[in-house]
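Dear colleague,

Please find below the structure that I am handing over to you. My notes on it follow directly after the display.

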Amino acid sequence: MRNIDKAYKKYLEEVLYYGKFNKVRAKWSDGSTAGTKSISQVFFKEDNPQKDFPITNFRKINYKKAIDETLWIFQKRSNKLKDLNSSIWNSWEYKNTGTVGNTYGYITGKEYKSMLNKYPDVFGDKKYLNQVEYLFQTIIDNPYDRRMMINLYDLDEIQKSNLPPCAFMTSYTITNDELNMHLTQRSGDMLVASLFGGWNTVQYAFLHQLIAKCCGLDVGSFSHFVMNSHIYDKHWKDNNLFEYIEQSLDNDLVKLEINIKNNIDDSMTKTEKLKIAWNNFINFKESDYKLIGYNPNEYKLKLEVAI
């Protein structure tokens with residue numbers, strides 16, 4: 001069994017057997033209050049995600065929609081529902097604005113006074129950068145900095161949305177020309193999104209490899225931490241999850257292929273390197289990647305989303 005599927009099975013079994021039950025904020029479509037079984041502080045690490053991309057085979061993950069949402073947040077830096085090629089956020093529209101409010105892409109597009117623009121030839125004639133721009137600037141300008149991160153949990157903004165970010169922070173280090181990423185998540189609906197190898201892992205494992213490729217770096221380790229990992233009461237009542245976790249799985253490795261040519265070399269100035277890296281990122285299209293060898297089971301789960 002692949003590492004990612006071992007982790008998927010381990011933590012689903014743990015919540016089924018040992019999870020603690022609580023009534024929560026969310027409601028079902030009939031207006032009843034949802035309940036969850038939850039476990040705390042779960043962690044997964046893949047040392048070589050380029051060898052085996054961490055997507056589960058237990059069921060088919062709609063990775064194209066997951067990656068589209070990632071590009072919506074980090075590349076488009078948009079909070080507008082019309083800019084997302086799916087309807088997954090429609091239920092959380094903020095006050096009939098056509099947006100999700102001041103969250104996700106609004107935060108990645110926000111400029112901060114602490115993030116000074118050192119390369120106007122790349123980012124234009126402005127004084128401050130947003131977090132995505134600043135990350136690229138730091139990777140090229142000071143690659144061994146230990147403060148590289150993107151934090152979506154902006155305390156000045158989260159009240160102006162219907163749902164604060166669940167997966168909210170990525171942090172980065174570079175060792176031996178390899179970019180390593182860690183994802184921190186405050187809370188996650190395991191079967192819908194947060195179980196390792198599912199929607200959230202796929203999103204950020206993709207972002208990790210995309211940033212590395214854009215900057216001419218090798219892909220290092222990827223890790224994912226979830227503080228509160230839970231399954232909803234309807235999900236264990238509507239599905240035979242004990243049967244689900246005993247499936248036989250395909251064990252072939254899965255590879256993410258990103259079509260970006262590495263034109264960065266050590267003879268270049270930092271401005272030249274950064275210009276190439278940033279252009280790689282902002283011009284990336286969904287047709288520029290392929291997932292090779294993904295052969296998931298066709299097991300169908302009934303998963304209403306509590307709002």
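In what follows, two residues are in contact when they have heavy atoms within 4.5 Å of each other. Please bear in mind throughout that this is a predicted model.

I begin with Lys-9, which is placed in helix H1. Once neighbours within four places in sequence are left aside, Lys-9 is in contact with Met-1, Phe-58, Ile-245 and Glu-246. Lys-9 and Ser-32, by comparison, are 23 residues apart in sequence, and their C-alpha atoms are 29 Å apart in space.

Ile-245, one of the contacts of Lys-9, lies in the loop between H9 and strand S9 (255-258). Its relative accessibility is 2%, so Ile-245 counts as buried. With neighbours within four places in sequence again left aside, Ile-245 is in contact with Lys-9, Leu-12, Glu-13, Leu-16 and Phe-58. For Glu-13 the C-alpha separation from Ile-245 is 7.7 Å, although the two residues are 232 apart along the chain.

Aromatic pairs

The whole structure contains 21 aromatic pairs. One of them joins Tyr-8 and Tyr-244: the ring centres are 6.3 Å apart and the planes stand at 65 degrees, so the pair is edge-to-face. This pair links distant parts of the chain, since Tyr-8 belongs to helix H1 (residues 3-18) and Tyr-244 to helix H9 (residues 241-244), 236 residues apart. Tyr-8 has a relative accessibility of 2% and therefore counts as buried. Tyr-244, at 0%, counts as buried as well.

Tyr-244 also pairs with Phe-58, in a tilted arrangement with 5.8 Å from centre to centre and 55 degrees between the planes. This pair, too, links distant parts of the chain: Phe-58 is in the loop between strand S2 (33-46) and helix H2 (63-74), whereas Tyr-244 is in helix H9, 186 residues apart. Phe-58 is buried, with a relative accessible area of 0%. Ring pairs bring Tyr-8, Phe-58, Tyr-244 and Tyr-299 together into a cluster.

Strand S2 and Phe-43

Phe-43 is placed in strand S2. With a relative accessible area of 41%, Phe-43 is partly exposed. Leaving aside neighbours within four places in sequence, its contacts are Tyr-11, His-182, Phe-196, Ser-223, His-224 and Phe-225. Of these, Tyr-11 is 32 residues away from Phe-43 in sequence, with 9.4 Å between the C-alpha atoms.

Packing of H7 and H10

Helix H7 (residues 199-214) packs with helix H10 (residues 270-282) at an angle of about 140 degrees, and the axes are 8 Å apart. Angles over 145 degrees would count as roughly antiparallel; H7 and H10 are therefore oblique to each other. From H7, the residues Leu-207, Leu-210, Lys-213 and Cys-214 meet Ala-277, Asn-280 and Phe-281 of H10. Sorted by class, this contact of H7 with H10 consists of five nonpolar residues, one polar and one charged.

Asn-176 has a positive phi of about 50 degrees although it is not a glycine. Asp-177 likewise has a positive phi, near 60 degrees, and is a residue other than glycine. How accessible are these residues? Asn-176 is exposed, with a relative accessible area of 69%, while Asp-177, at 46% relative accessibility, counts as partly exposed.

Glu-157 lies in the loop between strand S5 (148-151) and S6. Is this residue buried or exposed? Its relative accessibility is 8%, so Glu-157 counts as buried. Apart from neighbours within four places in sequence, Glu-157 is in contact with Asn-102, Tyr-106, Ile-107 and Lys-110.

Yours sincerely

Conventions. Residues numbered from 1 in each chain as written. Predicted model: local features only at pLDDT ≥ 70, side-chain atom pairs only at ≥ 80, totals over all residues. Heavy atoms only, no water. Phe/Tyr/Trp six-rings, centres within 6.5 Å; stacked < 30°, edge-to-face > 60°. Helix = DSSP H or I, 4+ residues; strand = E, 2+ residues; numbered from the N terminus. Buried < 20%, exposed > 50% of the residue type's maximum accessible area, 1.4 Å probe, protein only. Axes fitted to C-alpha atoms, helices over the stretch in contact; angles between N-to-C directions. Parallel < 35°, antiparallel > 145°, perpendicular 65-115°, else oblique. Nonpolar A, V, L, I, M, F, W, Y, C, P; charged D, E, K, R; others polar.
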